[in-house]
Amino acid sequence: MSVNFESRYAIGPKEYKTLDTQGLRENFLIEKVFEADKIHFVYTHYDRYMAGGAMPVSSKIKLETISALLKEPYFLSRRELGIINVGGNGQVEVDGVTYDLNTKEALYIGQGAQEVYFSSKDAAQPAKFYLNSTPAHSSYPTKKVTKEDANKIELGSLETSNHRTINQMLLNKVVQTCQLQMGMTELKPGSVWNTMPSHTHDRRMEVYFYFELPEGQAVSHFMGPIDETRHIWMQNDQAVISPPWSIHSGAGTSNYTFIWGMAGENLDYDDMDKCAITELK
């Protein structure tokens, strides 16, 4: 079987305060997202969100169900799936229909799709499909979304080191989903801060995936309640789980790109409880 998984239970802000560095990393950091010819998933009990990656190299790989976890005949029996390719050009086959998915292109697959396969066009430059999946209550059509299709928002400035472009890709303005939302934020050269000023949203959880980080550089991801923040140092192609009670901001030693994915109570992207930079402790 090509699908590996890890299950993590949710913890609250009181338990979070007792964790040391290792405890923070074990609960929230997803260190390995991609492995050749494998699919990796972390199943978090925050909104039963699943985040992971598929990296086909020698042959195409199938998204098989995880019987011990999902108790369903196929993976998308009661789930929806969002995909953004962060590697070389590839293809995703959904119930016999093939979608070309090049670098930084996204695909939404709705509940009910039975057979999903991933493949790369060039084994020397394999596709790396970053995957997010959430429970679904209805079936919506499969849809490809390119960067040109995305709803774009320009934020920040070079003076405050957070000039960035937000590409809203799998969002209700662009594609119909049950609860999953995904997008990609690209930082301009000279900018390092993301999601600053910070916010929480108690009605939704989120996962960040950092990539395009130059070799030898790192991102310090900040999390926690606004009055007791901690940080997790992250490398390229790693993800981090953000609970609904936590801020989610990062600062890199270089500019980088990250993918945000979220799910929960609503599809209102702007449903945020904002906090001033001077409130952070």
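This is a predicted model: local features need pLDDT of at least 70, side-chain atom pairs count only at pLDDT 80 or more; totals for chains, interfaces and linings use all residues.
Residues are numbered from 1 along each chain as its sequence is written, and side-chain values use heavy atoms, with hydrogens and water left out.

The secondary structure of the protein chain comes to three helices and 24 strands, where helices (H or I, at least four residues) and strands (E, at least two) are DSSP runs numbered from the N terminus. The chain is as compact as a globular protein of its length, because its radius of gyration is 18 Å, close to the 19 Å that the globule rule gives for 281 residues; the radius is taken over C-alpha atoms, and the rule is 2.2 Å times the number of residues to the power 0.38. Along the principal axes, the C-alpha trace spans about 55 × 35 × 35 Å. Of the 281 residues, 56% count as buried, a term that means under 20% relative accessible area, with exposed meaning over 50% and partly exposed the range in between (1.4 Å probe, protein chains only).

Among the contacts in the protein chain with a separation of 6 or more, 71% are between residues 24 or more positions apart, a contact being heavy atoms within 4.5 Å. The protein chain exposes about 11,800 Å², of which carbon and sulfur atoms supply 47%; accessible areas come from the Shrake-Rupley method with a 1.4 Å probe, and for residues only the protein chains shown count as cover. There are 27 positive and 35 negative side chains, and the centres of the two sets lie 1 Å apart. In that count Lys and Arg are positive and Asp and Glu negative, with His and the chain ends not counted, and the place of a charge is taken as NZ of Lys, CZ of Arg, CG of Asp or CD of Glu.

Strand β14 (residues 164-170) holds Thr 165, which counts as buried because its relative accessibility is 8%. Leaving aside neighbours within four places in sequence, Thr 165 is in contact with Ile 153, Glu 154, Met 184, Thr 185, Glu 186 and Lys 188. With Lys 188 there is also a side-chain to side-chain polar contact of 3.3 Å; a polar contact is a pair of N or O atoms within 3.5 Å, where within protein one must be able to donate a hydrogen and the other to accept it, and residues adjacent in sequence count only if both atoms are side-chain atoms.

Not counting residues up to four places away in sequence, Met 184 touches a set of residues including Lys 104, Lys 147, Ile 166, Phe 211, Phe 258 and Trp 260. From Met 184 to Gln 238, 54 residues apart in sequence, the C-alpha to C-alpha distance is 15 Å. Thr 185, with a relative accessible area of 2%, is likewise buried. On the same exclusion of residues up to four places away, Thr 185 touches Arg 164, Thr 165, Ile 166, Tyr 256, Thr 257, Phe 258 and Trp 260, and its side chain makes a polar contact of 3.2 Å with the side chain of Trp 260.

Most residues other than glycine have a negative phi, and most peptide bonds are trans. A cis peptide bond, with omega about 5 degrees, joins Met 196 and Pro 197, and Pro 197 is found in the loop between β16 (193-194) and β17 (199-200). Glu 212, in the loop between β18 (204-211) and β19 (219-224), has a positive phi near 55 degrees and counts as partly exposed at 42% relative accessibility. Asp 237 has a positive phi of about 60 degrees in the loop between β20 (230-234) and β21 (238-242), and is buried, with a relative accessible area of 15%.

Asn 102 lies in the loop between β8 (97-101) and β9 (106-109) and is partly exposed at 24%. Beyond four places in sequence, its contacts are Asn 85, Asn 89, Gly 90 and Lys 121. Finally, Glu 26 is found in helix α2 (residues 21-28), where a polar contact of 2.8 Å joins the side chains of Glu 26 and Gln 22.
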